[in-house]
Amino acid sequence: PEVEKTPTVLESKHLFPEGHEGYPCVYKPEYKQLVYEKIYTCTCCKKEFSSYKIFQSKLVSSKPMRYDLRNEYNDFQLEWYEVLTCPHCLFSMFSEYFNMPRAMDRELINMRLQPLRDSVKLDFHAERDIDFVFAAHYLALVSAESMIDSESLKLRLWSNLSWLYEDVRDAEMEHTACLKAAGLAESIYESISMN
């Protein structure tokens, strides 16, 4: 039986930046064949939840890595599943941050996420759509603010967002996300001391 397709972001006040529009009816059910369910423990609130892990060994590159470091695969895009969101506290981050403890200010992350818990309502049981993916990335940007490797995390997230906006053909938001990523890359480059 076909899964009922209902919006997964039920409410999203104060999460998305100006210029971000809703992108209804963008689903990728074929991506589910390259992920599997796994139990994670949230790095922030320490509660368990079920989410997805990517079958990395089953990914087949469709093209060489692009100039902007985007990897493209047959019938799959990493951006749809590489950021996890805890349904209990909304802490969101790349999946590897749920596998091992990382330095972070949990109290500050909770303080930053608290106002969003009242206004962002995600449906974790509906079929994943692009709005859920965008929400996970923007929640991860909030979470990244209080992590030790904040700038490199935000660079990865803004890069992903630029590719997601490219996929939905929102050129203005793609450009905005690209500029954010480029600014962070420049900042990181200037702060590294290498000979």
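Predicted model: local features only at pLDDT ≥ 70, side-chain atom pairs only at ≥ 80, totals over all residues.
Colleague: How far does H3 reach from its first C-alpha to its last?
Modeller: H3 has 18 residues, and 26 Å is expected at 1.5 Å a residue. The reach in the model is close to that value, at 26 Å.

Colleague: Is Ser 162 buried or exposed?
Modeller: Ser 162 lies in helix H3, which covers residues 150–167. Its relative accessibility is 4%, and the cut-off for buried is under 20%. Ser 162 is therefore buried.

Colleague: Which backbone oxygen does the side chain of Ser 162 reach?
Modeller: Leaving aside neighbours within four places in sequence, Ser 162 is in contact with Glu 174, Ala 177 and Cys 178. Its side chain also reaches a backbone oxygen at 2.6 Å, and that oxygen belongs to Ser 159.

Colleague: Is Arg 156 buried or partly exposed?
Modeller: Arg 156 is in helix H3 as well. Not counting residues up to four places away in sequence, Arg 156 touches Glu 82, Phe 94 and Glu 96. Buried would need under 20% relative accessible area, and exposed over 50%. Arg 156 has 33% relative accessibility, so the class is partly exposed.

Colleague: Which residue just after H3 takes a positive phi?
Modeller: The phi in question is about 60°. The residue that takes it, just after H3, is Arg 169.

Colleague: How many disulfides does a search of the whole structure find?
Modeller: A disulfide requires two cysteine sulfur atoms within 2.5 Å. For Cys 44, the nearest cysteine sulfur is that of Cys 89, 4.6 Å away, and Cys 44 is in no disulfide. Over the whole structure, the number of disulfides found is 0.

Colleague: Which is buried, Cys 44 or Cys 178?
Modeller: Cys 178 has a relative accessible area of 35%, so this residue is partly exposed. The value for the other cysteine is 5%, which means that the buried one is Cys 44.

Colleague: At roughly what angle do the axes of helix H1 and helix H2 cross?
Modeller: The axes of helix H1 (residues 106–119) and helix H2 (residues 130–144) come within 8 Å and cross at roughly 145°. The contact is made by Ile 109, Arg 112, Leu 113 and Leu 116 of H1, with Leu 139, Val 142 and Ser 143 of H2. These residues divide into 5 nonpolar, 1 polar and 1 charged. The crossing angle asked for is roughly 145°.

Definitions and conventions
Residues numbered from 1 in each chain as written. Heavy atoms only, no water. Buried < 20%, exposed > 50% of the residue type's maximum accessible area, 1.4 Å probe, protein only. Helix = DSSP H or I, 4+ residues; strand = E, 2+ residues; numbered from the N terminus. Polar contact = N/O pair within 3.5 Å; in protein donor to acceptor, adjacent residues only side chain to side chain. Contact = heavy atoms within 4.5 Å. Axes fitted to C-alpha atoms, helices over the stretch in contact; angles between N-to-C directions. Nonpolar A, V, L, I, M, F, W, Y, C, P; charged D, E, K, R; others polar. Expected span 1.5 Å × (residues − 1).
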